[in-house]
Amino acid sequence: MLNVKYDIVGSFLRPQVIKEARERYKKEEIKLEELRVIEDQEIAKLVDQEVAHGLKVVTDGEFRRRWWHLDWLKEFDGFTTKHLEKEHHGVVNQIELGTVIGKISYDSKKQHAEIEAWDYLYELVKKYPGVTAKKCISGPNMILVDHFLQLGIKETPYYGTDVEALIEDIALAYQQAIEDLYAHGCRYLQIDDTSWTYMIDETFVAKVNQLGYQKNEILQWFLKGSCKALENKPKDMVVATH
């Protein structure tokens, strides 16, 4: 068991070279393989910096992701995202929100970009004695926040109005995903979940009430999903929540 006295969130600002490479990839000027090479180089530089600063638990900075939470959630079957425009103080922003389109599940036999990202970091860190690689994933409740509270969807594909059944499947999918990460050598997992902070925002709680929900009801969703997702966690895997 690791005795960690300090830790990092794990997400770092994307280097300009990655931002530029993604724009070029978006415009089809470079292939995905070329983008990955650039990401690999920047991740290797970041890990060097983390180790040089004395960190014993390091991450890849989430340099492969576009969104801190959605890229991970897209690994689940039955989940996708919607691209929307939202005006705030006269400025129109491009946003992306997650939504459930079918039965939520995780298939370890499929190719997963997040597992491949982990594999690269895991192999990279092996050359640093006494240093542990950490995988950061978004928490299960982020699906509920986007689908029910942000998009305001009441009738969910496959689940209808049975929220409890959806929460069960999300939790089971997380258990399977955690098992997959463990099989790939992950022993330190960080689960980032900002869902709870939404419920201390009075404006957001008012929106929740308008949708027909109560604060305590939503908090019970979050509690059940968070606890059940970790029910079968390997004993020698450290799990930190943020």
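Author: Axes are lines fitted to C-alpha atoms, for helices over the stretch in contact, and angles run from 0 to 180 degrees between N-to-C directions. Helices are DSSP runs (H or I, at least four residues), numbered from the N terminus. The model is predicted, with local features needing pLDDT of at least 70, side-chain atom pairs counting only at pLDDT 80 or more, and totals for chains, interfaces and linings using all residues. Residues are numbered from 1 along each chain as its sequence is written, and side-chain values use heavy atoms, with hydrogens and water left out.

Helix α5 (residues 141-150) packs with helix α6 (residues 163-183) at an angle of about 150°, their axes being 11 Å apart. This crossing is right-handed (the near helix is turned clockwise from the far one by less than a right angle). Ile143, Leu144 and Phe148 of α5 make the contact with Val163, Leu166, Ile167 and Ile170 of α6, where contact means heavy atoms within 4.5 Å. By class, seven of these residues are nonpolar, none polar and none charged; Ala, Val, Leu, Ile, Met, Phe, Trp, Tyr, Cys and Pro count as nonpolar, Asp, Glu, Lys and Arg as charged, and the others, Gly among them, as polar.

Helix α5 also meets helix α9 (residues 215-229): their axes come within 9 Å and cross at roughly 145°. The crossing of α5 and α9 is likewise right-handed. On the α5 side, Asn141, Leu144, Val145, Phe148 and Leu149 take part, and on the α9 side Ile218, Trp221, Phe222, Gly225 and Ser226. Here the classes are seven nonpolar, three polar and no charged residues.

Conventions:
Helices (H or I, at least four residues) and strands (E, at least two) are DSSP runs, numbered from the N terminus.
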